[in-house]
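Take a moment with the sequence and the structure below. The paragraphs that follow go through them part by part.

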Amino acid sequence: MNTAKLKLLWTVLMMVAGTAAADMVTIKGGSYRPLYLKKDTPLISVKPFQMDTLPVTNAEFAAFVQKYPQWQRGNVSSKQTEKGYLRHWVKNKTGYKPKAVDLKKPVTNVSWFAANAYCSAQGKRLPTIDQWEFVGQASATRINGTTEKNYNRTILDWYAEGNRQGLRDVGQGKPNYWGVYDMHGLIWEWTEDFNSSQLTSSAAEGSNLFCSGASAGSADPSDYAAFMRYGIRTSLQAKFVLNNLGFRCVR
Amino acid sequence: MKHHVLAALIASAFALTACDQKFEAKPEDTATSAASEQQADDSVAQGELPVIDAVMTQAPNVPPPIDRDYPAKVIVKMEVIEKVMKMADGVDYKYWTFGGDVPGKFIRVRQGDQVEVQFSNHPDSTVPHNVDFHGVTGPGGGAEGSFTAPGHTSTFSFKALQPGLYIYHCATAPVGMHIANGMYGLILVEPKEGLPKVDKEFYVVQGDFYTKGKYGETGLQPFDMEKAIKEEPEYVVFNGHVGAIAGDNALKANVGETVRIFVGNGGPNLVSSFHVIGEIFDTVRVEGGDLVNKNIQTTLVPAGGAAIVEFKLDVPGSFTLVDHSIFRAFNKGALGQLKVEGPANKEIYSGKLSDSVYQPEGGAIQTVPLTASEAARVAAGPAKAENKDDQIKLGQAIYNANCMACHGAEGKGVAGAFPPLAGSDYLNADPKRGIHAILRGVSGKVTVNGQEYNSVMPAVALNDEDAANVLTYVLNSFGNNGGQIHASDVAKERQSK
């Protein structure tokens with residue numbers, strides 16, 4: 001295969017991969033009880049917003065990088081990302097690109113700065129924790145599906161098997177109540193205010209914080225799926241890049 | 001080499017002394033004394049400590065005793081790996097591990113050491129992790145200092161202030177889940193003077209596991225939070241897996257050797273009744289601390305705790321390690337083996353000396369034959385009353401066994417509940433009422449000696465002989481009018497409807 005053909009194939013793949021993922025749906029809004037609220041404190045209200053139905057893919061992020069080369073691997077300042085930024089992309093003549101097999105997989109190994117820049121470039125932004133958690137608690141049939149048996153199971157299946165199989169293409173599972181895919185069981189996702197909650201032992205002093213025992217001040221100590229999400233967010237710094245951390249945008 | 005380093009340390013301690021007025025030791029007169037070593041231990045600044053990589057071993061192995069009489073800066077490198085491993089034959093589980101297996105590696109440091117923990121979380125991990133050392137004095141036991149996202153390394157340091165055997169475990173939310181997935185291990189802070197020398201040391205940690213499928217259900221078994229909260233594990237195992245220290249993996253030693261087992265309990269929930277079948281622990285360092293107990297059969301190891309047990313091997317054989325909360329051992333996996341080779345000692349343990357037939361009810365083979373009169377008694381069966389006096393005698397025993405509880409030792413009964421048999425006008429008027437009472441019971445109103453009783457006496461399961469005897473006893477006791485009841489009387493009453 002010659003270079004021109006490869007280039008053509010690349011363009012076609014980009015188009016195929018790029019079209020579906022830009023879909024957004026309206027989240028009506030409502031109220032929810034985040035993990036760190038006690039049972040008698042008021043619920044958090046979430047105003048209506050729009051959310052990407054799918055996590056941002058490698059193909060979409062590649063298109064962004066093409067338009068904004070300052071976010072190409074190798075060009076980003078060490079203050080805005082760690083060394084592992086887009087480490088799963090491969091070098092070609094014009095720079096780094098995702099492997100063809102990864103095009104429809106969620107983009108990972110991106111820092112908060114990069115994710116934030118991507119959403120801004122689309123006229124969107126990263127979801128807040130409240131927005132993400134509100135959508136994340138939906139099951140296939142209910143706005144709040146956290147008490148359904150399979151809710152936690154999806155996350156467990158992910159850590160039980162996900163690493164062995166690697167990342168999947170986005171949108172393979174069932175959408176949730178809102179029509180949003182892959183909220184659980186594929187990747188962790190950046191939020192705008194990812195480091196606004198604490199999971200440290202000295203945090204027991206604050207009313208909306210946790211002790212390391214992870215139950216002081218929590219609404220549901222058995223909601224370990226939520227603990228895992230708050231845990232991963234707390235462990236992050238904005239320049240970190242992780243193999244299993246991606247993002248989606250809201251408006 | 002060792003002395004050379006020590007000399008250098010002492011020298012540097014004294015160099016410090018010169019600038020530190022609080023330090024009272026006088027270098028010229030204590031250069032070789034134990035006191036000066038103590039001061040060297042306590043006063044050397046961290047930066048001047050020799051730097052040593054910790055020797056860390058996977059269970060059931062233990063790092064060698066510390067051959068050092070001065071403090072050091074010990075580098076402990078820990079790596080978190082999430083991986084699928086075998087829980088039992090055909091059963092897989094996604095373990096979260098310190099260092100690739102359960103328990104995490106054994107860490108051995110010396111009291112007074114400065115321990116630097118370099119804590120790495122593998123890039124493939126799904127979640128952040130950290131470590132809480134029970135041997136650390138400080139908030140979270142190092143949990144905050146080591147809280148680490150996937151693909152990162154955190155470093156923190158602590159001083160091993162107190163000697164003892166301590167659990168370390170992951171303390172990231174949800175803590176119970178991280179522990180339940182296998183994130184625990186032991187660190188020994190060896191006392192400055194060291195532990196007494198033994199021939200073999202082993203590392204065993206108990207843990208309870210909560211799988212969605214029942215014990216033995218095959219396939220990859222996910223963690224079950226509901227069972228964990230209920231504290232109903234499917235598996236209770238030593239060293240992370242069913243059979244981890246049994247069969248080919250058994251601990252091995254020889255007759256005549258002394259053995260020390262560092263026993264930990266990762267939990268998360270169950271407390272262990274640690275026991276070695278066929279051995280008595282010569283010493284137990286209770287909960288891994290300074291208290292030494294001797295001649296112990298079973299020692300309690302708390303969840304998140306430890307114990308050090310020591311014993312000498314006197315005889316060969318397979319000695320089974322169990323949690324003596326025994327259904328865990330035989331139904332949930334808490335079994336290990338210590339295989340001991342060497343010559344037998346028949347005095348300490350004979351083994352089986354003989355096997356002979358046991359026939360408690362007699363039969364063709366009798367090791368001690370009966371005498372002729374004894375044989376006749378066997379043939380005759382239970383004793384029979386030959387006359388009224390015999391009946392009274394035998395009847396008393398039957399009364400004591402069957403009647404006394406309600407009617408009393410003196411036949412006075414209990415007012416309002418059980419009528420008296422003593423001087424009983426009811427019984428004396430018609431002794432056969434007694435037969436009826438024994439065979440069929442009594443219920444409803446009866447009047448005895450002017451008092452009305454309205455209660456229930458159940459029928460008493462006595463044969464004709466015994467019923468006749470007890471009634472004859474009663475009629476001739478307690479101030480009653482006398483008389484005699486024969487077995488044939490009872491039989492006759494029994495026949496009638």
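For a disulfide, the two cysteine sulfur atoms must be within 2.5 Å. B:Cys406 is partly exposed because its relative accessible area is 32%; buried means under 20% relative accessible area, exposed means over 50%, and partly exposed is in between, with a 1.4 Å probe and protein chains only.

Before going further, note that this is a predicted model, in which local features need pLDDT of at least 70 and side-chain atom pairs count only at pLDDT 80 or more, while totals for chains, interfaces and linings use all residues. Residues are numbered from 1 along each chain as its sequence is written, chains are lettered from A and ligands numbered from 1 in the order in which they are written, and side-chain values use heavy atoms, leaving out hydrogens and water.

Chain A can be taken next. It has 6 helices and 8 strands, where helices (H or I, at least four residues) and strands (E, at least two) are DSSP runs numbered from the N terminus. Read from the N terminus on, the elements of chain A follow the order α-β-β-β-β-α-β-β-α-α-α-β-α-β. Of the 251 residues in chain A, 54% are buried. Contact means heavy atoms within 4.5 Å. Among contacts in chain A between residues at least 6 apart in sequence, 75% join residues at least 24 apart.

How many disulfides does the structure hold over all chains? There is 1, and it joins A:Cys119 to A:Cys249, with an S to S distance of 2.1 Å. The two cysteines belong to distant parts of the chain, 130 residues apart: A:Cys119 is in helix 3 (residues 112-121) of chain A, and A:Cys249 is in the segment after strand 8 (245-246) of chain A. A disulfide is a covalent bond between the sulfur atoms of two cysteines. The torsion about the S-S bond of A:Cys119 and A:Cys249 is about -80 degrees, so this disulfide is left-handed.

Is A:Cys249 buried or exposed? A:Cys249 is buried, because its relative accessible area is 0%. Not counting residues up to four places away in sequence, A:Cys249 touches several residues, including A:Met24, A:Asp52, A:Tyr118 and A:Pro127. The C-alpha atoms of A:Cys249 and A:Gly123 are 9.4 Å apart in space, although these residues are 126 apart in sequence.

A:Thr53 is in the loop between strand 4 (49-52) and helix 2 (58-67) of chain A. With a relative accessible area of 7%, A:Thr53 is buried.

In chain B, an unreviewed UniProt entry carries a "binding site" annotation that covers B:His129, B:His134, B:His169, B:Cys170, B:His178, B:Met183 and B:His324. They span 196 residues of sequence and are also spread in space, with up to 32.7 Å between C-alpha atoms. UniProt positions are given in the numbering used here, feature names are shortened, and annotations may be inferred rather than shown by experiment.

Where does B:His169 lie? B:His169 is in strand 9 (residues 164-169) of chain B, and B:His169 is buried, with a relative accessible area of 11%. Beyond its neighbours within four places in sequence, B:His169 is in contact with residues including B:His134 and B:Met183. B:Met183 sits in the loop between helix 3 (175-180) and strand 10 of chain B and is buried, at a relative accessible area of 0%. Among the contacts of B:Met183, again leaving aside neighbours within four places in sequence, are B:His129, B:His169, B:Cys170 and B:His178. B:Cys170 counts as buried because its relative accessibility is 0%.

Further along chain B, the unreviewed UniProt entry places the annotation "domain: Cytochrome c" on residues 390-478. Over residues 390-478 the chain is 48% helix and 16% strand, with the end C-alpha atoms 18 Å apart.
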